[in-house]
Amino acid sequence: MPELKILVAASEMVPFIKTGGLGDVLGALPRTLAAQGHEVRMFIPYYETLNTAGHHLEDVGWSLEIPVGNKRVIAEFSFFRDKRSGLQTYFVSNSDYFDRPGLYGHPKTRKDFPDNDERFVFFARAVLEAATRLGFRPDIVHAHDWQAGLMAVYLKTIYADDPFYDGVASVLTIHNLAHQGLFQKERFANLGLPKELFWATGPFEFYDKVNFLKAAVSYADKITTVSPRYAEEIQTKKFGCGLEGVLKQRSDDLVGILNGVDYAVWSPSHDRRLPFRYYPANLSGKRMNKIDLLGTAALPVREKTPLIGIISRLVHQKGFDLIRDAADRLFAMNIQMVVLGTGEEKYHKLLSRLEKKYPDKLKVFLVHDENLAHRIEAGADMFLMPSLFEPCGLNQMYSLKYGTVPIVSKVGGLVDTIIDFDPDSAKGTGFVFCEETPEAMLSAIERACRIYAKRRTWTKIMKAGMRQDFSWDAAVDRYSDLYERLMDTQNT
Ligand code: ADP
């Protein structure tokens, strides 16, 4: 396959910055594309909270003036070259826009920054301008989520007659349709586009507001999302977040490509964050991790009691209202639970209240802690993910690898990754519940607990999960195919 030049932009990337799965995906996908021979340049904002430890960043030695509305804003750039894969990551700096305590809003108030439109107009244009300055003419521009999505819009508007970008194709990946980049219509002027482009039901207008993601969906040459099931779901009213109509119109250009797992980071056999490593052939380390985790959680060690783990943003999407409604029935069962997460205040309060009520059964860590995330994956027996919608979900795939049996709702990427246990054939990798009710969730947990007591069957389920392979190579092949097909259509 010929090597392609790919320009990628997103607002998160592991190991530099992450609030959720988006960061994990961008930490692996561009690097794997580069390792497969493509020439990849990746751009992210240089946030105040960026973690550059162990990475030597170089200054490009020039800056650019970027038009944002009627302002001209200075963009500075530094970069890091990953020697192994050849991936070059560029960091776009502007202290007014990115020297803030949070990425999209203030962590304390949890309110979005009022100038997020300006910040990401600046980012999208700065990336396209920098590629020109670098003389890096891409075959493909791959924008992730609304924060980078305007690049697809600009290629067909501001840069439509620019010979540098002539024939360049764009791909938009939607990681979570719940986040669209919505702004008051008066802010449209900040995009630097003719005002005639903003009209009722047009590509930018959404209930009298400006919608960055809708515009990106309308202008991108191809649209992907992070699982096949979610690609279908978002074309329906239930999951479309108001964009189902636009997505349906583009259904010929919309595909679902399941995210991969970076097994260099998430494998119990060589995970340096674990006190005890283990393998499918010898699971004794998992038992030790459980005892160790119970110790950290200050929960009584009850080895025969199933320990359920949750690692999650604490938001409505992740099913915490189901947990609230099921709580007393759940903790009446013979289980223990460890929860790691941060998010909405009301869920912090809910979980803290439950922790006080069930001190020997529940421990809650209301922080972001990478090490603890790994230790929970390893130490728990089961992993609960009762999401109301789930574009892909990564933790259920990590759980499979760690022999931590997932209990999941039947939505999005959870459907594409977890096989419900069938007692007749004794086959399956987890427990899936169909209805969005506390009863359905509780009954899946009960089913799991019953099987947990049958050690041989349980070990079989664990091992079936550990054998699953969701490595990035398969996903990257699908992206490469998509790019190739897109290039073919551009050239005909
Ligand atoms: P989403 O992107 O919707 O948050 P995913 O399952 O796709 O959900 O990815 C979540 C990622 O964020 C996982 O890598 C998970 O381990 C991590 N994560 C979520 N909350 C925390 C936390 N409090 N501490 C550490 N890691 C977390």
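The model is predicted.

## Salt bridges

The structure contains 25 salt bridges.

| Residue | Partner | N to O distance |
|---|---|---|
| E39 | R41 | 3.2 Å |
| K222 | D253 | 3.2 Å |
| D381 | K290 | 2.7 Å |

E39 has a relative accessible area of 26% and is partly exposed. R41 counts as buried, because its relative accessibility of 13% falls under the cut-off of 20%.

K222 makes a salt bridge with D253. K222 belongs to strand β11, which covers residues 222-225, while D253 sits in the loop between α7 (244-249) and β12 (254-256); the pair therefore ties together parts that are 31 residues apart in sequence. Is K222 buried or exposed? With a relative accessible area of 17%, K222 is buried.

The salt bridge between the side chains of D381 and K290 has an N to O distance of 2.7 Å. This pair links distant parts of the chain, 91 residues apart: D381 is found in the loop between α11 (370-379) and β16 (382-385), and K290 in helix α8 (residues 284-296). Both D381 and K290 are buried.

Salt bridges can also share partners. In this way K71, D117, E118 and R187 are joined into one network.

## A patch of negative charge

Which residues gather in a patch of negative charge on the surface? They are D469, D473, D477 and D481. Of these, D481 is placed in helix α16, which spans residues 472-490. D481 counts as partly exposed because its relative accessibility is 39%, a value that lies between the cut-offs of 20% and 50%.

## A covered helix

Helix α4 comprises residues 145-155 and is mostly covered. How many of its eleven residues are buried? The count is eleven of eleven. The buried residues of α4 include charged D145, as well as W146, Q147 and Y154. Also among them are A148, G149, L150, M151, A152, V153 and L155.

## Summary

The pairs K222 with D253 and D381 with K290 each connect separate parts of the chain. The patch that includes D481 lies on the surface, whereas the residues of helix α4 are buried.

Methods:
Residues numbered from 1 in each chain as written. Predicted model: local features only at pLDDT ≥ 70, side-chain atom pairs only at ≥ 80, totals over all residues. Heavy atoms only, no water. Salt bridge = Lys/Arg side-chain N within 4 Å of Asp/Glu carboxyl O. Buried < 20%, exposed > 50% of the residue type's maximum accessible area, 1.4 Å probe, protein only. Helix = DSSP H or I, 4+ residues; strand = E, 2+ residues; numbered from the N terminus. Patch = residues over 30% accessible without salt bridge, like charges linked within 9 Å, V, L, I, M, F, W, Y side chains within 5 Å. Areas by Shrake-Rupley, 256 points an atom, 1.4 Å probe, with all protein chains shown as cover. Charge placed at Lys NZ, Arg CZ, Asp CG, Glu CD.
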